[in-house]
Amino acid sequence: MEQANSKQNNHGSKKLFGVKRILNLKNFNKLIFSVIIISLVYYVAGVNDLAIKGFALSDLKQQKNKLIEANNKLELNALTSSSYPNIKEKVSSLKMVAAGEVSYLTAGVEAVAKK
């Protein structure tokens, strides 16, 4: 009888281990599935973030190009306002006297500066 009980316990323990093994496999599969889902969510969030940053970078590049064009126009305006005819008009409005002929002094070959 003892042998019958021990055989029954062995069969019972095998079933118990078999049930535990199935539960462990189910839990392991659930864990793997959860890890895959979480990884996919992080991947999609990362791709979305990169796409948003790409659009923001594109907008900033367009703004940079517009600012460069505006800067070039302002430099052109500055150059035209400082052109010779404009300066001549400003000089005449300041009542300054125009410079005449300039004569330069020539030094001899032996001229040397001393300390």
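A salt bridge is a side-chain nitrogen of Lys or Arg within 4 Å of a carboxyl oxygen of Asp or Glu. The model is predicted, so local features need pLDDT of at least 70 and side-chain atom pairs pLDDT 80 or more, while totals for chains, interfaces and linings use all residues. Residues are numbered from 1 along each chain as its sequence is written, and side-chain values use heavy atoms, without hydrogens and water.

**Exercise 1.** Find the salt bridge and describe its partners.

Solution. 
- Step 1: By the rule above, the count is one salt bridge.
- Step 2: Lys 53 pairs with Asp 49, their closest N and O atoms being 3.3 Å apart.
- Step 3: These two residues are four residues apart in helix α1, so about one helical turn separates them. Helices are DSSP runs of H or I with at least four residues, and strands are runs of E with at least two, numbered from the N terminus.
- Step 4: Asp 49 is partly exposed, at 36% relative accessible area. Here buried means under 20%, exposed over 50%, and partly exposed in between (1.4 Å probe, protein chains only).

**Exercise 2.** How many helices and strands are there, and how many residues of α2 are buried?

Solution. 
- Step 1: The protein has two helices and zero strands.
- Step 2: After α2 comes Lys 95, with a positive phi near 60°.
- Step 3: Across the 115 residues of the protein, 0% count as buried.
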